[in-house]
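Subject: Structure handover

Hi,

Here is the structure for your files. Please open it alongside this note; my findings follow below.

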Amino acid sequence: MVTFINTKINRDDVANIKSTHISSFLQLNNASELKKIYDFYSSHQQLLVLTGFGGTGKRLLVEHSLGFLAPNVLRLEYD
């Protein structure tokens, strides 16, 4: 089975991972969203939907969550 998740990262700890991309306040307030992203990366779903008001940090959450991916995963970014 192919896995995209870094096996050293535990689902319950995703809101506590230190990062320079995102503030700890934003992480803790969006712990459920981070777990949702983690579950998406570890599943075979083809679409992830994050909702929220403009300027609430959704992009920062996704950029932070890229750290959950295994080191050998190829990322393509489009802006």
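The side chains of Arg-11 and Asp-39 form a salt bridge, at 2.7 Å from N to O. By salt bridge I mean a side-chain nitrogen of Lys or Arg within 4 Å of a carboxyl oxygen of Asp or Glu. This is a predicted model: local features need pLDDT of at least 70, side-chain atom pairs count only at pLDDT 80 or more, and totals for chains, interfaces and linings use all residues. Residues are numbered from 1 along each chain as its sequence is written, and side-chain values use heavy atoms, with hydrogens and water left out.

Back to that pair. Arg-11 sits in the segment before helix H1 (24-29) and Asp-39 sits in helix H2, so the bridge ties together parts 28 residues apart in sequence. Helices here are DSSP runs (H or I, at least four residues), numbered from the N terminus. Arg-11 is partly exposed, at 31% relative accessible area. Asp-39 is also partly exposed, at 30%. The cut-offs: buried is under 20% relative accessible area, exposed is over 50%, and partly exposed is in between (1.4 Å probe, protein chains only).

The structure holds two salt bridges. Arg-59 and Glu-63 make another, at 3.1 Å from N to O. These residues are four apart in helix H3, about one helical turn. Arg-59 is exposed, with 56% relative accessibility. Glu-63 is partly exposed, with 32%.

Now the helix packing. The axes of H2 (residues 31-41) and H3 (residues 58-65) come within 10 Å and cross at roughly 45 degrees. That makes H2 oblique to H3. Axes are lines fitted to C-alpha atoms, for helices over the stretch in contact, with angles from 0 to 180 degrees between N-to-C directions. Under 35 degrees is roughly parallel, over 145 roughly antiparallel, 65 to 115 roughly perpendicular, and the rest oblique.

Which residues meet? Glu-33, Leu-34, Ile-37 and Tyr-41 in H2 meet Leu-61, Val-62, His-64 and Ser-65 in H3. Contact means heavy atoms within 4.5 Å. The residues of this contact divide into five nonpolar, two polar and one charged. Nonpolar covers Ala, Val, Leu, Ile, Met, Phe, Trp, Tyr, Cys and Pro; charged covers Asp, Glu, Lys and Arg; the others, Gly among them, are polar.

His-64 is buried, at 6% relative accessible area. Leaving out residues up to four places away in sequence, His-64 touches Val-14, Ile-17, Ser-19, Ile-22, Gln-27 and Leu-34.

Best wishes

Conventions: Helix = DSSP H or I, 4+ residues; strand = E, 2+ residues; numbered from the N terminus.
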